Amino acid sequence: LLFAPAHLINALSLQLPVILIASWYGTSIAGQFILAQKIILLPIGFISGSVGDVFRQTISDAINNNKLDARKIYLRTMKSLALIGVFPVILIALLSDYLFPIVFGVEWGKAGQMAEILAFLFFFQLISKPLSSILIITEEQWFDIMWQILFFILSIGGLYIGYLKDDYLLGIILLVIGKCIGYLINVIICYKLVIKHSNISL
């Protein structure tokens, strides 16, 4: 039952920033942010979906039947996702400011700047999203909802600081930093749960 409020908080963490950006900085800045976010985060769905399906099956079997392999599967998957994400992040961070005006028009130059910042979010979300299925496999609903609350605070808190400073780029930078910290915490929590449910001591 606790997964329902966790999903609600997650939806707020994803949707509320766009609403707040539109309210605080105007619909033009919000439109730039939406474009940058769509371009950056679109590949994550494809990659994390395919990797996540395989990971859920193998890690579930390892935890239930072959406990000694669970930690190795988790770490191997995490390293593989990190290697997949490194090269795109470097390209996005270096080229978005140049490519967005060429591909979408000069009026979308700010979206290119935002995409450079969001590139780091791409990296951490790419790693965290497939691995977070551990929360469902181990049925640790309390960890999930507490993490979702923390993730929400980290996401909106950074954006609000930018609003106080009247600097939308600062707000987006702090938003990304907050979310990256949240995803990193998620990866650590899931690793601890693998250890716990596999009865492996550190």
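**Exercise 1.** Is Phe 104 buried, partly exposed or exposed?

*Solution.* The classes are set by relative accessible area: buried is under 20%, exposed is over 50%, and partly exposed lies in between (1.4 Å probe, protein chains only). Phe 104 has a relative accessibility of 33% and therefore counts as partly exposed. Phe 100, at 6%, counts as buried.

The model is predicted: local features need pLDDT of at least 70, side-chain atom pairs count only at pLDDT 80 or more, and totals for chains, interfaces and linings use all residues. Residues are numbered from 1 along each chain as its sequence is written, and side-chain values use heavy atoms, with hydrogens and water left out.

**Exercise 2.** Classify the ring pair of Phe 100 and Phe 104.

*Solution.* Rings of Phe, Tyr and Trp (its six-membered ring) pair if their centres lie within 6.5 Å; planes under 30 degrees apart are stacked, over 60 edge-to-face, and the rest tilted. For Phe 100 and Phe 104 the centres are 5.2 Å apart and the planes stand at 50°, so the pair is tilted. Both residues belong to helix H3, four residues apart, about one turn of the helix. Helices here are DSSP runs (H or I, at least four residues), numbered from the N terminus.

**Exercise 3.** Describe the aromatic pair of Trp 24 and Tyr 160.

*Solution.* By the ring rule, the count comes to 11 aromatic pairs. That of Trp 24 and Tyr 160 is tilted, with 5.9 Å centre to centre and 55° between the planes. The pair links distant parts of the chain, 136 residues apart: Trp 24 is in helix H1 (residues 3-25) and Tyr 160 in helix H6 (residues 141-164). Trp 24 counts as partly exposed at 23% relative accessibility, and Tyr 160 counts as partly exposed at 41%. Ring pairs join Trp 24, Tyr 160 and Tyr 163 into a cluster.

**Exercise 4.** Determine the relative direction of H4 and each of its partners H3 and H7.

*Solution.* Axes are lines fitted to C-alpha atoms over the stretch in contact, and angles run from 0 to 180 degrees between N-to-C directions. Angles under 35 degrees count as roughly parallel, over 145 as roughly antiparallel, 65 to 115 as roughly perpendicular and the rest as oblique.

- The axes of H3 (residues 70-104) and H4 (residues 109-131) come within 8 Å and cross at roughly 175°. H3 and H4 are therefore roughly antiparallel.
- H4 packs with H7 (residues 168-198) at about 10°, the axes being 8 Å apart. H4 is therefore roughly parallel to H7.

Terms used:
Helices (H or I, at least four residues) and strands (E, at least two) are DSSP runs, numbered from the N terminus.
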